[in-house]
Amino acid sequence: MAEKGTYRVKSGLAEMLKGGVIMDVTTAEQAKIAEAAGAVAVMALERVPADIRAQGGVARMADPGKVKEIQNAVSIPVMAKVRIGHFAEAQVLESLEVDYIDESEVLTPADPQYHIDKWAFTVPFVCGARNLGEAARRIAEGAAMIRTKGEPGTGNVIEAVKHMRLMNEQIRTVIAAPEEEVMSLAKEMGAPYQILRMIRELKRLPVVNFAAGGIATPADAAMMMQLGCDGIFVGSGVFKSGDPEKRARAIVEATTHYDDPMVVARVSEGLGEAMVGISIDEIPPHEMMQVR
Amino acid sequence: MKIGVLGLQGAVREHVRSLSRLGVDTLIVKRVEQLDEVSALILPGGESTAISLIGGETFLKRLRELAKGGFPFFGTCAGMILLASEIEGRAEPYVGAIDITVARNASGRQVHSFETTLKVEGVGDDVPAVFIRAPYITRLGDGVDALAEYQGHVVMARERNVLVSSFHPELTDDLRIHEYFLNIVEKRNQEDLK
């Protein structure tokens, strides 16, 4: 008897992506560039986060035609984004057989209160988190992979660093706490008790945790890997830069050899213009994506 | 005896964990010269295109040399693709350590990924097997033994010291397949001593 869509099968694909880079792409051509650069997966979307931020308006799931075009262009897994809570967009993407769905704060949320019940799907989900409470809630809802939210489309790594450090600190707290304090921690963090119990047992998150939201350079990727994340999402960082092919390749190499500064130095040389970054202080509070 | 796990990308820590539970020393191999320190190499699941690009021609060349000398390899999923002598839809193989043809993503996209139990020759009748966007073996060369099948597709094979599987024993708690591979490695080491 074969079983599809089990949690092991869902989280298993994320395990296979570890140590790799997942790149945002908006065309088949970009997807091919990403694959040729060594990306482990691509994220198909209509506009990269930097453009969503600049253009404003409601950002939605990509056109299914575009998703298919990208699926046909590459053999690596293809992910796609849905709005937070928009289970019908998720049903559409599942019917297209995308390999992973990102329930993402980069798009305009569809539900002000609730996330998607991800257990209801065969296709696995990745969700963003700023802290352990958010990560644990998404896992309890069925997410099989977590990523930091960072602040998408900024080319500024500070928020991803903040979220990764906070998650690490909270995981350490949960592991070190005496048994009788776990329930109280669950209450404080807004984290489901059972998930915290799993974290204590495994001494880490029960799923893979990637870094996302603001990674623009090989050194950014190396830093996030050294902070303990399992892999890297690059949104606008590649195709908003001067030489996407070279930069994509460099970020892939820096992610593999994150603990070897000589390699990071070598690949960082002569990359051309990085994407123009945004200082977080310049973003009006209502335009912050991570609070969604 | 130290077993290497190719650590360029993919399910590296799972293989390390399975080997550690069997009391074996492991080395995560990220640089080509580290291959000299190990008596066998596991190529984990991951993305074969990415792993080959990251490793580059220097890595592949060294792996090909080792394969010629009968070095023991175990490749799971992407690792199997890297070891195969022929890949459907691709002009050149990567390492070519085992005479098989493989079809990539033959089990389909992720929604078709599944887990089941399999009868594996020389291992057991109830081996848990997790298939993730799995490749299948579509041709077996002379001297290659099929060790497991799923719905008429060969999903595990061996040629001398090279073992490959479409599925991921490292995602389960069952250690029998890793033990089977360790037996191959130990046997080879003994032959070397003679």
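1. A word on classes before we start: Ala, Val, Leu, Ile, Met, Phe, Trp, Tyr, Cys and Pro count as nonpolar, Asp, Glu, Lys and Arg as charged, and the others, Gly among them, as polar. On that basis, the lining of the second largest cavity has seven nonpolar, six polar and three charged residues. Please keep in mind that this is a predicted model.

2. Staying with the second largest cavity, its volume is about 160 Å³. Its lining is made by 16 residues, and Gly46(B), Glu47(B), Cys77(B), Asn105(B) and Arg133(B) lie nearest its centre. H1 of chain A, helix H2 (48-68) of chain B and helix H3 (78-83) of chain B each supply at least two residues of that lining.

3. A search of the whole structure finds four cavities of 30 Å³ or more. The largest cavity holds about 190 Å³ of space. Among its 23 lining residues, Asp24(A), Pro49(A), Pro152(A), Gly213(A) and Gly235(A) lie nearest the centre. Strand S2 (21-25), strand S9 (232-234) and helix H11 (236-239) of chain A each contribute at least two residues to the lining, which by class has nine nonpolar, eight polar and six charged residues.

4. Now to the open spaces. The largest pocket has a volume of about 590 Å³. It is lined by 18 residues, the closest to its centre being Glu15(A), Leu202(A), Arg204(A), Arg17(B) and Leu171(B). Helix H1 (7-17) and helix H9 (193-202) of chain A, along with helix H1 (12-21) of chain B, each supply at least two lining residues; H1(A) gives the most, with five residues. The class count for this lining is seven nonpolar, three polar and eight charged residues.

5. The second largest pocket contains about 320 Å³ of space. Of its 17 lining residues, Gly19(A), Met225(A), Tyr258(A), Gly7(B) and Val12(B) are the closest to the centre. Helix H12 (244-256) of chain A and H1 of chain B each provide at least two residues of the lining. Here the classes come to six nonpolar, seven polar and four charged residues.

6. Finally, have a look at how H9(A) packs against helix H6 (residues 132-140) of chain A: the angle is about 105°, with the axes 9 Å apart. Because angles of 65 to 115 degrees count as roughly perpendicular, H6(A) is roughly perpendicular to H9(A). Leu132(A), Ala136(A), Ile139(A) and Ala140(A) of H6(A) meet Ile195(A), Leu196(A) and Ile199(A) of H9(A). By class, this contact has seven nonpolar, no polar and no charged residues.

Key. Residues are numbered from 1 along each chain as its sequence is written. Chains are lettered from A and ligands numbered from 1 in the order in which they are written. This is a predicted model: local features need pLDDT of at least 70, side-chain atom pairs count only at pLDDT 80 or more; totals for chains, interfaces and linings use all residues. Side-chain values use heavy atoms; hydrogens and water are left out. On a 1 Å grid over the protein atoms alone, a cavity is a set of points where a 1.4 Å probe fits but cannot get out, and a pocket is an open set with protein on both sides within 12 Å along at least five of seven lines; lining residues have an atom within 4 Å of a point. Grid points are joined across faces, edges and corners, and a volume is the space filled by probe spheres set on the points. Helices (H or I, at least four residues) and strands (E, at least two) are DSSP runs, numbered from the N terminus. Axes are lines fitted to C-alpha atoms, for helices over the stretch in contact, and angles run from 0 to 180 degrees between N-to-C directions. Angles under 35 degrees count as roughly parallel, over 145 as roughly antiparallel, 65 to 115 as roughly perpendicular and the rest as oblique. Contact means heavy atoms within 4.5 Å.
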